[in-house]
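I opened the notebook today to look up a few packing details. Here is what I went through, entry by entry.

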Amino acid sequence: MDSSFLRRKIIHVDMDAFYASVEQHDNPALKGKAIAVGGEHRGVVAAASYEARKFGVRSAMPSKTAKEKCPHLIFVSPRFQRYKEISRKIREIFYEYTDLVEPLSLDEAYLDVTENKKGIESANQIAREIRQKIFEQTGLTASAGISINKFLAKVASDINKPNGQKTIHPDKVESFLEELPVEKFYGVGKVTANKMFSLGIYKGKDLKKRSVEDLTRLFGKSGAYYYNVVRGIHHSEVKPHRIQKSVAVERTFFEDLFDEHQVNEKLQSLSEELQSRLQKNNILGRTLTLKIKYKDFSLFTRSITKEEYFSSAEHYFNTGKQLWELRPFDKPVRLLGLSLSQLNTEEKKQVSVQLKIPFKEFEDQ
């Protein structure tokens, strides 16, 4: 490994069941109970408490499935402004130690504390202090991973969850990775893990036996990534100013949309919402994407890219209608979304845009 990277001290802080924990903290009657943040009758689970996770309830799971797995599950409506407010408090704590903070979402971030504002040599001690301050100021618990790069810190933060931390020391990196099950590698989802199992790759030491050419042949461009990370090589730096790459608004409907008039009304509303969010932050973009989720959960997206930037709600609406005409099915619609990408933020600092319904949708977990 490059010795310069062995000197880096990276912390990954991850709040424990963040949305659900906020709801349990604010409403003590929910403490110790299986709760899910999201709509009970429509939509997906945005977050599940640890009590609910014991029954197999997970984020991004359809609410109906979650209720089947845990009949006594309590659904709580999301309060994103509240989550954002607490997230700001947590980030203020991070900045007491370093300006090199890379937020990944409202509830997790990377910190580079190689050189920190308090001159503390031990990254392990910094992580303990941060977690203690978060608890004292918000009443919530966080877990942390500490190591020489972002990949290892991310893997480590999951090991002693909830309310724990794990340090992977430089001299223990290779032995740790050799014994790590491949499904625990960040970036290896279920589909990839199953493919690895079929090839006799179960742990890091099995992965390490494969050449970079072999892994590239089997896994495409991800092959080189797997080849490097199993050797503890991950050069990505903590980026305090992540570039905003897209802005999206979407809505899940309590009653399915059946006719074009209803769809046009919703598209108009979404277009105005999108314009409001973009205007507030002086953002322009050249690619508009329409997202349609049907009653049967099948998904359709279609995009169009213009030479000039989109500039008005009317422009989004008219283009959204054109994309709607390209849909393959005439089926009841449960969700509509519009997003703008190819933004003018390439030369700007990151801007923070709160989504209308920021539920995470995962392709390969």
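**Entry 1: the sheet**

In which sense do strand 5 and strand 6 pair, and over how many bridges? I noted first that the model is predicted. Strand 5 and strand 6 (residues 108-112) run antiparallel to each other, and their pairing spans four bridges. I also found Val-101 standing opposite Leu-111 of strand 6.

**Entry 2: helix 5 against helix 6**

Next I followed helix 6 to a helix partner. Helix 5 (residues 80-95) packs with helix 6 (residues 123-138) at an angle of about 145 degrees, and their axes lie 10 Å apart. The crossing of the two is right-handed.

Which residues meet here? From helix 5 I listed Ile-86, Ile-90, Ile-93 and Phe-94. Helix 6 brings Ile-130, Lys-133, Ile-134, Gln-137 and Thr-138 to the contact. Sorted by class, the contact has six nonpolar, two polar and one charged residues.

**Entry 3: Lys-150**

I was curious about this lysine: is Lys-150 buried or exposed? Lys-150 sits in helix 7 (residues 150-157). Its relative accessible area is 5%, so Lys-150 counts as buried, the cut-off being under 20%.

I then checked its surroundings. The side chain of Lys-150 makes a polar contact with the side chain of Ser-236, at 3.0 Å. Leaving out residues up to four places away in sequence, Lys-150 touches Ile-10, Glu-102, Tyr-110, His-234, Ser-236, Glu-237, Val-238 and Lys-239.

**Entry 4: helix 2**

How many residues of helix 2 are buried? I got seven of the nine in helix 2 (residues 18-26), which is mostly covered. The buried ones are Phe-18, Tyr-19, Ala-20, Ser-21, Val-22, Glu-23 and Gln-24.

Last, I asked what covers the buried residues of helix 2. The cover includes strand 1, strand 2 (35-37), strand 3 (47-48), helix 3 (50-53), strand 4 (74-76) and helix 5.

Notes
Residues are numbered from 1 along each chain as its sequence is written. This is a predicted model: local features need pLDDT of at least 70, side-chain atom pairs count only at pLDDT 80 or more; totals for chains, interfaces and linings use all residues. Side-chain values use heavy atoms; hydrogens and water are left out. Axes are lines fitted to C-alpha atoms, for helices over the stretch in contact, and angles run from 0 to 180 degrees between N-to-C directions. A crossing is left-handed if the near helix is turned anticlockwise from the far one by less than a right angle, and right-handed if clockwise. Contact means heavy atoms within 4.5 Å. Ala, Val, Leu, Ile, Met, Phe, Trp, Tyr, Cys and Pro count as nonpolar, Asp, Glu, Lys and Arg as charged, and the others, Gly among them, as polar. Two strands pair if DSSP finds at least two bridges between them. Buried means under 20% relative accessible area, exposed over 50%, partly exposed in between (1.4 Å probe, protein chains only). A polar contact is a pair of N or O atoms within 3.5 Å; within protein, one must be able to donate a hydrogen and the other to accept it, and residues adjacent in sequence count only if both atoms are side-chain atoms.
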